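Work through the exercises below with the sequence and the model open. Each task is followed by a solution in steps.

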Amino acid sequence: MNLMMMILLTTTIPLILITFNHLAPKTNPDMEKLSPYECGFSPLENARLPLSIQFFLIAIFFLLFDLEIALLLPIPWALNTSMTATMWMLLLIFLLTLGLAYEWNQGALDWTK
């Protein structure tokens, strides 16, 4: 009975959605909605516009701290098992904090230059 109910549900729900899609009124989007959008830049202008290096720097910072979070996620489990994992965690946090302080001191995080 459960198998038949699942087969019935997996066929009727998509059929209902497909018929609703065909019965819904058609929209007429304007040309602005149909034009391609490339991160705030007009696709019809020159593709060789200079881009600030700070955008790339922020992207690298994001990837670095995203990686940090991925490496620090298993810490609660590692704290229960070994002291070596705790030392590696503290070393990683210390190095990342040292690097962030260095970048901050060098002015890499200031947007108003």
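This is a predicted model: local features need pLDDT of at least 70, side-chain atom pairs count only at pLDDT 80 or more; totals for chains, interfaces and linings use all residues.

**Exercise 1. Overall make-up**

Task: State how many helices and strands the protein has, and what share of its residues is buried.

Solution: 
- Step 1. Count the elements: the protein contains 5 helices and 0 strands. Along the sequence the pattern reads α-α-α-α-α.
- Step 2. Turn to burial: of the 113 residues, 9% are buried.

**Exercise 2. Helix H1**

Task: Compare the span of helix H1 with the expected value, and give its count of buried residues.

Solution: 
- Step 1. Helix H1 covers residues 2-23, which is 22 residues.
- Step 2. From first C-alpha to last, H1 reaches 31 Å, close to the 32 Å expected at 1.5 Å a residue.
- Step 3. The count of buried residues in H1 is 0, and the helix is hardly covered.

**Exercise 3. Helix H5**

Solution: 
- Step 1. Thr-86, Met-89 and Leu-96 are the buried residues of H5.
- Step 2. Look just past the end of H5: Gly-107 has a positive phi of about 85 degrees.

**Exercise 4. The packing of H3 and H5**

Task: Describe how H3 and H5 pack, using the angle and the distance between their axes.

Solution: 
- Step 1. The angle is about 165 degrees and the axes lie 11 Å apart.
- Step 2. An angle over 145 degrees counts as roughly antiparallel, so H3 is roughly antiparallel to H5.
- Step 3. The crossing of the two helices is left-handed.
- Step 4. List the contact: H3 contributes Phe-61, Leu-64, Phe-65, Glu-68, Leu-71 and Leu-72. H5 contributes Met-89, Leu-92, Ile-93, Leu-96, Leu-100 and Glu-103.
- Step 5. In general, residues three or four places apart on an α-helix point the same way, because there are 3.6 residues a turn.

**Exercise 5. Leu-96 and its partners**

Task: Decide whether Leu-96 is buried or exposed, and name its contacts beyond four places in sequence.

Solution: 
- Step 1. Leu-96 is in helix H5.
- Step 2. The cut-off for buried is under 20% relative accessible area. Leu-96 has 13% relative accessibility and therefore counts as buried.
- Step 3. Once neighbours within four places in sequence are set aside, Leu-96 is in contact with Leu-64 and Glu-68.
- Step 4. Take Leu-64, which lies in helix H3. Its relative accessible area is 36%, so Leu-64 is partly exposed.
- Step 5. Leu-64 and Leu-96 are 32 residues apart in sequence, with 8.8 Å between their C-alpha atoms.
- Step 6. For Phe-65 and Leu-96, 31 residues apart along the chain, the C-alpha separation is 8.4 Å.

Terms used. Residues are numbered from 1 along each chain as its sequence is written. Side-chain values use heavy atoms; hydrogens and water are left out. Helices (H or I, at least four residues) and strands (E, at least two) are DSSP runs, numbered from the N terminus. Buried means under 20% relative accessible area, exposed over 50%, partly exposed in between (1.4 Å probe, protein chains only). Axes are lines fitted to C-alpha atoms, for helices over the stretch in contact, and angles run from 0 to 180 degrees between N-to-C directions. Angles under 35 degrees count as roughly parallel, over 145 as roughly antiparallel, 65 to 115 as roughly perpendicular and the rest as oblique. A crossing is left-handed if the near helix is turned anticlockwise from the far one by less than a right angle, and right-handed if clockwise. Contact means heavy atoms within 4.5 Å. The expected span of a helix is 1.5 Å times one less than its number of residues.
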